[in-house]
Amino acid sequence: MSRALGPFTAVLGRDLLLAWRGRADVLVTLAFFVVVVCLFPFGVGAEPNQLRAIAPGVLWVAALLSTLLSLHRLFAQDHADGTLEQLLLTPEPTVLWVVAKISAHWIATGLPLVVVAPGLALLFDVEQGALGVLILSLALGTPILALLGAVGAALTLGLRGGGMLLALLVLPLFVPVLIFGAGAVDAYLSGVGAQAHLLLLGGGLLATLALAPLACAAALRIAVE
Amino acid sequence: MQKPERSKSIFRFAAPQMFYPLAGKLAPWFAGISAVLAAAGLWLGFFVAPTDAVQGDVYRVIYIHVAAAWMSMFVYLVMAFWSFVGLVMNTRLSFIMSQALAPTGAMFCFVALWTGALWGKPTWGAYWVWDARLTSQLLLLFLYLGFMALTRAIEDPRRADKAGAIIALVGAVNVPIIYFSVKWWNTLHQGASVSLNKAPSMATTMLTGMLVMALAAWAYTIAVTLWRVRSLILERERHTDWVAAELNALEGKI
């Protein structure tokens with residue numbers, strides 16, 4: 001068991017260590033999230049009822065954008081210094097270490113968003129009970145964003161203007177996650193119950209976990225060919 | 001040089017050199033069929049078909065709108081199909097096919113959205129409603145644009161082919177997910193205010209006009225795609241002798 005997961009834990013540990021050493025990059029993503037969320041009251045007015053109504057959508061769109069912002073870093077450095085080619089040459093299954101890299105990326109950039117989001121939701125006067133649903137929906141949804149985004153990041157690896165292209169490629173794919181994520185909180189607030197939305201997000205997570213790493217591995221092979 | 005003409009199998013046309021003349025022969029036929037069908041369909045739609053009892057003459061936009069909307073969705077599936085074939089069998093022509101299809105699909109997508117907006121203003125009172133059909137159509141347009149941007153951003157054709165194929169397949173898996181997500185999102189919040197399904201049952205001439213226009217859109221797509229495939233083949237194979245000979249012959253004609 002531990003032998004089979006060896007490459008997974010090795011890559012996970014390495015990437016987490018690298019993320020820790022480059023804390024500034026991670027913090028910038030988080031700061032971006034906080035700043036974008038705080039811009040909305042200035043843009044739409046600080047009327048409490050309105051803020052309460054738009055809070056789930058605002059938090060989710062901001063989470064989505066800051067995920068997008070950090071995605072290009074997922075493979076770029078390894079591609080530049082040749083680590084990626086070495087990893088592809090190893091006999092270990094590609095999908096395994098690709099999942100490890102995406103997991104490390106999510107722990108470094110997605111997890112902080114999940115932790116910070118409830119605090120920001122309080123600025124929008126979201127009621128206590130909805131905070132738990134928000135945390136759950138982000139915890140289930142942001143890994144999907146990371147997995148889908150990884151495919152886009154691998155496809156645009158090393159291209160000029162790759163960042164904009166990445167946004168165009170993955171944003172339409174992110175829409176279902178946004179709908180069910182923000183919808184979970186809305187459904188809870190309107191008294192319908194968030195269970196259906198959260199189950200759909202969970203199902204989506206399992207489906208992307210099964211399929212996206214395969215597409216990502218294929219895209220990486222094409223990128224270094 | 002090899003003589004691929006000897007093979008009698010239909011798969012000989014998988015070679016760009018063999019497909020190029022075939023596409024050249026077929027394209028004008030499909031263009032002609034498309035022109036005739038479009039003329040017939042528009043004549044049926046705008047002069048023969050009766051004025052709608054509920055919507056008046058505004059409804060006549062459906063003769064363009066419905067054909068474009070059907071085609072935009074179908075073309076994406078065909079594009080994903082050729083991408084899949086290309087990835088599995090590693091045939092260059094399949095990738096060329098899917099890249100030649102994309103601009104036409106995007107065009108139909110845009111036409112469907114644009115005519116829909118023109119129809120929506122007098123009928124619903126708004127150019128745009130966040131209805132499930134409209135929203136998923138808009139996202140389909142973004143998927144087309146993403147595919148085209150990606151394949152054109154990569155300079156190495158082999159990498160562009162395969163990267164484009166992957167994003168086309170990822171998109172094809174996501175299209176139904178997007179469709180159902182926006183459908184549920186819409187019905188959960190607003191209730192279905194407007195639905196295209198509940199249109200009053202149509203007169204036969206209306207339906208005929210619409211189907212003829214749909215066939216015209218098919219023929220048009222095939223013709224334009226074949227011409228685009230020819231250009232792409234010439235561009236990709238420009239280092240070969242037969243393309244040089246072909247270009248010389250073309251110059252002689254001009």
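At what angle do helix α7 (residues 128–155) of chain A and helix α9 (residues 195–224) of chain A pack, and how many Å apart are their axes? The angle is about 20 degrees, and the axes are 8 Å apart. Axes here are lines fitted to C-alpha atoms, for helices over the stretch in contact, and angles run from 0 to 180 degrees between N-to-C directions. Helices (H or I, at least four residues) and strands (E, at least two) are DSSP runs, numbered from the N terminus.

Some ground rules. This is a predicted model, where local features need pLDDT of at least 70 and side-chain atom pairs count only at pLDDT 80 or more, while totals for chains, interfaces and linings use all residues. Residues are numbered from 1 along each chain as its sequence is written, chains are lettered from A and ligands numbered from 1 in the order in which they are written, and side-chain values use heavy atoms, with hydrogens and water left out.

Back to the helices. Because of that angle, α7(A) and α9(A) are roughly parallel to each other; angles under 35 degrees count as roughly parallel, over 145 as roughly antiparallel, 65 to 115 as roughly perpendicular and the rest as oblique. Their contact has 21 nonpolar, five polar and no charged residues. In these classes, Ala, Val, Leu, Ile, Met, Phe, Trp, Tyr, Cys and Pro count as nonpolar, Asp, Glu, Lys and Arg as charged, and the others, Gly among them, as polar.

Now helix α8 (residues 162–189) of chain A. With α9(A) the packing angle is about 155 degrees, and the axes are again 8 Å apart, so α8(A) and α9(A) are roughly antiparallel to each other. Residues of α8(A) including F180(A) and G181(A) meet residues of α9(A) including H197(A) and L198(A), where contact means heavy atoms within 4.5 Å. That contact divides into seven nonpolar, three polar and no charged residues.

Next, the two chains together. In chain B, 28 residues are in contact with 26 residues of chain A. The chains bury about 2,300 Å² between them, 79% of it on carbon and sulfur atoms; buried area is the accessible area (1.4 Å probe) that two parts lose on being put together, summed over both.

Last, two spans. Residues 95–124 of chain A are 97% helix and 0% strand. Residues 100–120 of chain B are 100% helix, with end C-alpha atoms 31 Å apart.
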